[in-house]
Amino acid sequence: MKFSILFFWIFLLSFSCTKDDSAVQLFKHHTVSVDLPEYEETVRYGTPALGDFDKDGDIDFAMSITRKDVLWFEFQGNYRWEMHQVGYIPSGQLGGGSYDVDQDGWTDLVVGGYWYQNPTDPANKFFNRIRYDSTIDHEIHDLVFADIDGDQKKDLVVLGDREGLIWYKIPENPVRDSLWVRHIITMEVLDDQADIHGGFFPGGVGDLDGDGDADIVLPNRWYRNEGEGASWSRQFLPFGSGGYWGLSGRSWIVDMDRDGDNDIVMVGCDQKDSRGAWLENQGNGYPHYLVHLLPLTAPGRRGSFHSLWVADFDRDNDWDIYTMDQEDNLILPSGAGMKGYLWENIDGKGREFMEKVVLDKNIGGHDCQFADVDGDGDLDAYFKVWANLESNAYNGKPHVDYLENLTISN
């Protein structure tokens, strides 16, 4: 009898450990750096971007420190990185991205109202800063490159809740024509109007109505491109709530249910108790949406989901969803530490998702970015801290991290 009881408990313990291990084995965590520059005053860490900045065939990571340094971390293989300074940013910015702005074959950076020209010399790590809009004085929160006017070339879309929702056509010679023409999409996002802090980053610019041009997703609304980016109309969305600094979210346009029209994936951010959902497109032309909330099964109340990525992470030919808690004292999760979550698409069409904890080290991330960094065929991730905590897994130090996808190796 005692042997049977003992065997029973060993079986349960073994099953429990196997279940937990399977939940976290999609990714392996690595530390990129905990040696970021230190300052006496409070700083924030923004503008994450991926790119092969030294053109050596692998993916590096860039970020900025408010009103301080713009940095990039050179991936040297074998889970080692070297930090370099891109330049200086004279304002506090969150929105950033990588793109070959001058079309010279080398990846540049755009941070807020500036772009940083790659020196095209691997020995020179310092980029040339050029201001593309001299009227931008405040923070840009969202920044995405997409073809807005239908000419098969990428334009720049930015959002600042004190600047507006704006797109720019990148000039043929952006060094000579350094000031780019701004096209106002709407000023309704301003603090004294709808108060929209963010929403279309990283994948919320795309064709929602099936007419072939790019529309834009924001919390509780989307803007329909009425033709070549010249005019826009506001449409209703049944998802999006007020955050700590106003309406805020992250979004992604994708055909989740594979029925031929584009749906929307969204998470709330800059708020406690963030939720995630995918919004099922009910028809082209002027689509309306059915909300499918994503499950919350892990212990604790969620914090701010200031990260979103939609991809086939486990390579089973459907769309999965990644998010993680933001590291910010004001909007931390409660009842559990900061975590990274994967909503695994179980039925392949978004009707059933399973929430999995894939990072559980009490470290948070801000606008996590995915790419095949190590070149093995699956998607890995870079992420960074947003604001210093008095206590985290790094004893309060700011950090940059890497998640190695183990799908191929498994």
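Predicted model: local features only at pLDDT ≥ 70, side-chain atom pairs only at ≥ 80, totals over all residues.
Trainee: How many aromatic pairs does the structure contain?

Mentor: Aromatic rings count as a pair if their centres lie within 6.5 Å. By this rule there are 22 aromatic pairs.

Trainee: At what angle do the planes of F75 and W81 lie, and what is the pair called?

Mentor: The angle between the ring planes gives a pair its name: under 30 degrees it is stacked, over 60 edge-to-face, and otherwise tilted. The planes of F75 and W81 stand at 40 degrees, with the ring centres 5.3 Å apart, so this pair is tilted. Both F75 and W81 are buried.

Trainee: Which geometry do Y322 and F370 form?

Mentor: Y322 and F370 are edge-to-face, with 75 degrees between the planes and 5.1 Å from centre to centre. Y322 belongs to strand β26 (residues 320–324) and F370 to strand β29 (residues 369–371), so their pair ties together parts that are 48 residues apart in sequence.

Trainee: Are Y322 and F370 buried or exposed?

Mentor: Y322 and F370 are both buried. They also belong to a cluster linked by ring pairs, together with F27, W252, W309 and F313.

Trainee: What is the volume of the largest pocket, and which residues are closest to its centre?

Mentor: A pocket is an open space, and its lining can be described by residue class. The largest pocket has a volume of about 520 Å³. Of its 26 lining residues, T66, R67, G92, E139 and W386 are the closest to the centre. By class, the lining comprises five nonpolar, 10 polar and 11 charged residues.

Trainee: How is the lining of the second largest pocket divided by class?

Mentor: The second largest pocket, of about 450 Å³, has a lining of 13 nonpolar, six polar and one charged residue. Among its 20 lining residues, the closest to the centre are S98, V144, F145, K154 and P202. The elements that contribute two or more residues to this lining are β2 (45–51), β6 (96–99), β10 (142–146) and β15 (202–203).

Trainee: How many cavities of 30 Å³ or more does the structure hold?

Mentor: A cavity is a space from which the probe cannot get out. The structure holds one cavity of 30 Å³ or more, and the largest cavity contains about 40 Å³ of space. Its lining includes F53, W72, W106 and K125, and divides into six nonpolar, two polar and three charged residues.

Terms used
Residues numbered from 1 in each chain as written. Heavy atoms only, no water. Phe/Tyr/Trp six-rings, centres within 6.5 Å; stacked < 30°, edge-to-face > 60°. Buried < 20%, exposed > 50% of the residue type's maximum accessible area, 1.4 Å probe, protein only. Helix = DSSP H or I, 4+ residues; strand = E, 2+ residues; numbered from the N terminus. 1 Å grid on protein atoms, 1.4 Å probe; cavity = no way out; pocket = protein on both sides within 12 Å on 5 of 7 lines; lining within 4 Å. Points joined across faces, edges and corners; volume = space filled by probe spheres on them.
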